[in-house]
Amino acid sequence: MLAQVRSYTLFGLDAVPVTVEVDVSPGLPSYALVGLPDKAVEESRERVRAALKNSGFPYPQARVVVNLAPAELRKEGSHFDLPIALGLLAAQGVVPLESLSGLAVAGELGLDGSLRPVPGAVNLALGALGEGKKLLLPWESAKEAALVEGVEVYGAESLLQAVAYLRGEEDPKRAEPEDPVAALEVLDLRDVKGQAKAKRALEIAAAGYHHLLMVGSPGSGKTMLARRLPFLLPPLGQEAALEVSRIHSAAGQVLKGLVRTPPFRAPHHTVSYAGLIGGGAIPKPGEVSLAHRGVLFLDEFPEFSRDALEALRQPLEDGVVTVSRAKASLTFPARFLLVAAMNPCPCGWYGDPERACTCTPASRQRYVGKISGPLLDRFDLVVEVPRLTPAELARAPEGESTEAVRKRVLRARERMLSRQGRPNGELAGRALREHVRLGQGAESLLQAAAKRMLLSARSYDRLLRVARTIADLQGADGVEEGHVAEALAYRKTL
């Protein structure tokens, strides 16, 4: 007897439909699983056998063939356990075949028949929504999938309960999204003493979505500043929150609610190329995609591998990253705000007023030279963060709160969106020339600076964007000389 159960396999961020076909026919007991399964899918045989036995259901003493269609698509993950088990039961007449119509199923089985959560529940729900099907998942995953509006999601805690639903012996439990997660504790800018220039650069970066590089000695406050940046950014809207949640769900994170706060990712400098950009036989999202719509913070910037750093250039320009492998080529969203921090030299004390630097000029040059010119050119803001002495820290006045700065950021962002529909950091080409109107003094200053500093065309445009953001923070319609002068102050030469 043949039974068919609808399921999905995750292909990047997409849930691709898979039909699990189970055929039980007379013959010597055997089990064949076909359709390009990976190791986790192949091992489902033993999990399914034990789960059926320990749940009191028969395992067929016959010839069993399980086909995962379409056959040419690689199947990954343990979430095929439940559809295979239900297919075996349906093929034996334990579960009515008609009960599987219009239903998609996914879930990992324990040996005792319990159901365990699976990654990518949000993406599975989007796949079911696209096909107009109901979805049956383990209870924890069902609550996550219910975050997607418009799809009926039911949860079960065991194989016994799932079978009871399908046989009409028990009313199915429809999953509802959990209560919104409590907002994260806001990290206040007032905790960072002094560093007025760096705080201003942080405000400009948040308002216009400008990439920021901070250079300073150890203990100067670079990491503290970076960790406060997400709380200056506008909260994610419904569409953006679902997009970000989809990425995090595909990466295996269990979500308690849609991601509403811009994400903050801070990978260690030993992260691999694949960990940063994305990779795998069937590529999975990396840190640049997990930071989508949020902040990617790279501390000890020159210590990252050269290949990983150079790979950042494409997503910084395009807002997407394409990962190509022999079996698949996938494109992931990667529009993030890059914030990097570095020491001025290998020992960290070059230019410090109290501690002497022990580095030679050649070693300092090699250290800074780890960052290529084209990558450095992609930072709109390069600012020095000097270490304050204990006496300076004691005298430093308390600065503005995160909330006060955030209000200015939101007002400036509203001006940008009403004028051009996007932050200034994303302006390019004709749109940049159209929306940045320079006063006579501003244009003269900018031309003189471009000649003196030997600015590339990209650097010139970045100065225009930063000056436009400074003007928006001040509520000005045009870009004046003072705005350009301040933008030039954030172009420290390494």
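Author: The following account treats the salt bridges and then turns to a strand and a loop residue.

This is a predicted model, in which local features need pLDDT of at least 70 and side-chain atom pairs count only at pLDDT 80 or more, while totals for chains, interfaces and linings use all residues. Residues are numbered from 1 along each chain as its sequence is written, and side-chain values use heavy atoms, with hydrogens and water left out.

A salt bridge is taken here as a side-chain nitrogen of Lys or Arg within 4 Å of a carboxyl oxygen of Asp or Glu. Side chains of opposite charge can pair when their charged atoms come close. By this rule the model holds 33 salt bridges.

One of them joins E203 to R408, with 2.8 Å from N to O. This pair links distant parts of the chain, 205 residues apart: E203 belongs to helix 7 (residues 196–208) and R408 to helix 17 (residues 402–420). Helices are DSSP runs of H or I with at least four residues, strands are runs of E with at least two, and both are numbered from the N terminus. E203 has a relative accessible area of 4% and is therefore buried; the term buried means under 20% relative accessible area, exposed means over 50%, and partly exposed lies in between (1.4 Å probe, protein chains only).

Another salt bridge, between E310 and R306, has its closest N and O atoms 3.5 Å apart. Because these two residues lie 4 residues apart in helix 12 (residues 306–310), about one helical turn separates them. R306 is partly exposed, at 42% relative accessibility. In the pair of E108 and R116, the closest N and O atoms are 3.8 Å apart, and R116 is partly exposed at 41%. Salt bridges also link E317, D377, R378, D380, R458 and R462 in a network.

Strand 16 runs antiparallel to strand 17 (residues 329–333), and 5 bridges join them; two strands pair if DSSP finds at least two bridges between them. Within this pairing, V320 stands opposite P333.

Finally, N343 sits in the loop between strand 18 (337–342) and helix 14 (361–368). N343 is buried, at 9% relative accessible area. Beyond its neighbours within four places in sequence, N343 has contacts (heavy atoms within 4.5 Å) that include V215, K222, E300 and Y367.
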